[in-house]
Amino acid sequence: MPRGYMGRILRVNLTTRSLKVEPTSEEVARKYLGGKGYAVYLLYKYLKEYEKAGISPKDIDALGPENVLIFATGPGTGVPGFPSSGRYHVMALKSPLTGSVGSANSGGEFGPFLKFSGFDAVVVEGASETPVYLAVVNGEAELRDASSLWGKNVFDTCRILKDKVGGKNTSVACIGPAGENLAYMACIVNDEHRAAGRTGVGAVMGSKKLKAIVVSGEESVPVAEPKKFAEVSRRCLDAMKNNAVTGVGLPTYGTAILINIINTAGGLPYKNWQTGVNPDAEKISGETLAEKYLTSRRSCWGCPIGCGRVTSVKSGPFQVLASEGPEYESVWALGSSTAVKDLDAVVKANHYCDEFGLDPISMGSTIAAAMELNEKGYIPQEDLQGLDLRFGNAAALVEAVWRTAYKAGFGKYLALGSKKLCEIYGHPELSMSVKGLEMPAYDSRAIKGIGLNYATANRGGCHVTGYTVSPEVLGIPEKIDPLKVEGKAKWVKIFQDFTCVVNSTVNCLFTTFALGTKDYAELLSAVTGWDLTEDEILKIGERIYNLERVIINKFGFDGKDDTLPRRLLEEPMPEGPAKGQITELEKMKEEYYKLRGWVNGVPTKEKLAELEIEL
Ligand code: SF4
């Protein structure tokens, strides 16, 4: 096995309670790296097995035992000096929220500590009848009873299991009540405040009655060429230190620094995307957060950036003694999209998302959709059971979050996510989602390329599949006009392919503000001993993206699903720098499909052969 890998994958069947250790395949690693890429490869194999057994991919129940959940690291994860490599990637064969593939990424310490425990990945099949947790300690794994933990929140679960398992380098990834109660936007939280947030992977874990995975170990990750790696690492870390975003902006203000920047560009969605200008942006900005709530900074393992915020709300109805975040997307979803300008309430709502295990983006967006449905008179008042869902109502925001986690009252509708909620009340057009996944904090009428990325992202409306906001607004690596559609397809494709490389390495996407494909090729070559070129790593990224697309095609997704909510396509932006703009998606999509070698959202046989994808 090349260096950078631990060489072992743990396969756990919860139905039969069996555990198996398999070697990490060098051949697969060379083609798909690790993390997301390796997991996509494994998920495709499961899908083929199901088809062989006569099970149609469309019939796979995301909350049934046939779903598969994978926690995966990559060759960069846990290597000291590999920039911001304290992350892991979670993939589920099917997401309960979207019916597409489940995919989420998280920082903290869990990723590196999984490797230190002796494994590259954990694959979870089947479902247990009673609550269990998985302990992976120094190369040994065991399923243990978790009955006494069922019902506990994330913070208590993390603390109890960390104490119980003890040892060096111990980390817990778990679900809270939202995952147990199968809320479709439930996430998996590790180290108390870091979350694999998107696509409802927490509900998949809950359906399997797997409360937590605890990892602990003292192994280290081997590096092929330590001297060369030290040189490349030093250069990359210097570049990050000297970069305005990774060296100053993110460490000082965290990701929430974007609130004022994106609002100034006219692309900060407000009141469920009715406009892209929030008149109260300053009140919920990163600067205000830093001035009034920040108590200290926090980093994921091995990260020199340290964008994490430790915050508190000192007094009042939304008091929080100590919390982390909220990040930019959470401030936006829970604050701007709901028009709640009370940052105390936003911090509290975000804290509840961590405590109960909910994705703040989907949660805030679903509440915002419910607020619009309610204000337009589409929700019978008896369904709301007294929950006063109006834009700007801070108390209702906080109450709606815990109600969702416990499916209490109107919470049982919110727990379905915005797409199903809006369908139930007869107005699907008010769900600001793509393929059922709520879009994040950038209005594509003001930032056009991100619209193409949302539409074509395999997991649904997602910014971190291809973050074109970087060139379109921040001017990294070069400034392009956010309101033009020409040339955007090329940017989207490159960003999507490169992001697959990052999520398969696995380290933090924020490094790409300072580092490019050349840096990644050199870092990965020095760690693994392979001689990887820039072109080669981009081809790996493209291969991963296409195989993931093959999977979602089998679930029934194609060109008709690569679209955006009607509001972004037909309702002109009412104000701000993008006034009068819509998203001209079709123009960009046509060019994008050509570049991808896809027809109607489906990769051609020739493209798959060129990428050496064996079906
Ligand atoms: S930049 Fe932030 S999210 Fe990324 S690894 Fe560092 S602390 Fe974690």
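Author: Contact here means heavy atoms within 4.5 Å. The model is predicted, so that local features need pLDDT of at least 70 and side-chain atom pairs count only at pLDDT 80 or more, whereas totals for chains, interfaces and linings use all residues. Residues are numbered from 1 along each chain as its sequence is written, and side-chain values use heavy atoms, with hydrogens and water left out.

Reader: Which residues does Leu69 contact, leaving aside its neighbours within four places in sequence?
Author: Leu69 is among the residues that touch the most other members of the largest nonpolar core, a core being a set of buried Ala, Val, Leu, Ile, Met, Phe, Trp, Tyr and Cys residues joined through side-chain atoms within 4.5 Å. With those neighbours set aside, the contacts of Leu69 are Val90, Met91, Ala92, Val122, Val123, Val124, Ile188, Val201, Val204, Met205 and Lys208.

Reader: How many residues make up the largest nonpolar core, and which helix gives the most to this core?
Author: The largest core holds 191 residues, and Phe71, Ile188, Leu358, Leu389, Phe410 and Tyr442 stand with Leu69 as those touching the most other members. Nine of its residues come from the helix that gives the most, which spans residues 35-52 and is helix H2. A second, separate core has 15 residues, including Tyr133, Leu149, Phe155 and Val189.

Reader: Is Asn350 in helix H12 buried or exposed?
Author: Helix H12 covers residues 343-356 and contains Asn350, helices being DSSP runs of H or I with at least four residues, numbered from the N terminus. Beyond residues up to four places away in sequence, Asn350 touches Glu324, Gly325, Pro326, Ser330, Leu334 and Pro360. Buried means under 20% relative accessible area, exposed over 50% and partly exposed in between, with a 1.4 Å probe and protein chains only. Because its relative accessibility is 4%, Asn350 counts as buried.

Reader: With which residue does Arg144 meet in a salt bridge?
Author: A salt bridge is a side-chain nitrogen of Lys or Arg within 4 Å of a carboxyl oxygen of Asp or Glu. The N to O separation is 3.0 Å, and the partner is Glu142.

Reader: How many salt bridges does the structure hold?
Author: Among them is the pair Lys560 and Asp561, at 2.9 Å from N to O, in which Lys560 is exposed with a relative accessible area of 54%. Elsewhere, salt bridges link Lys493, Asp497, Glu542, Arg596, Lys607 and Glu610 in a network. The number of salt bridges in the structure is 39.

Conventions
Helices (H or I, at least four residues) and strands (E, at least two) are DSSP runs, numbered from the N terminus.
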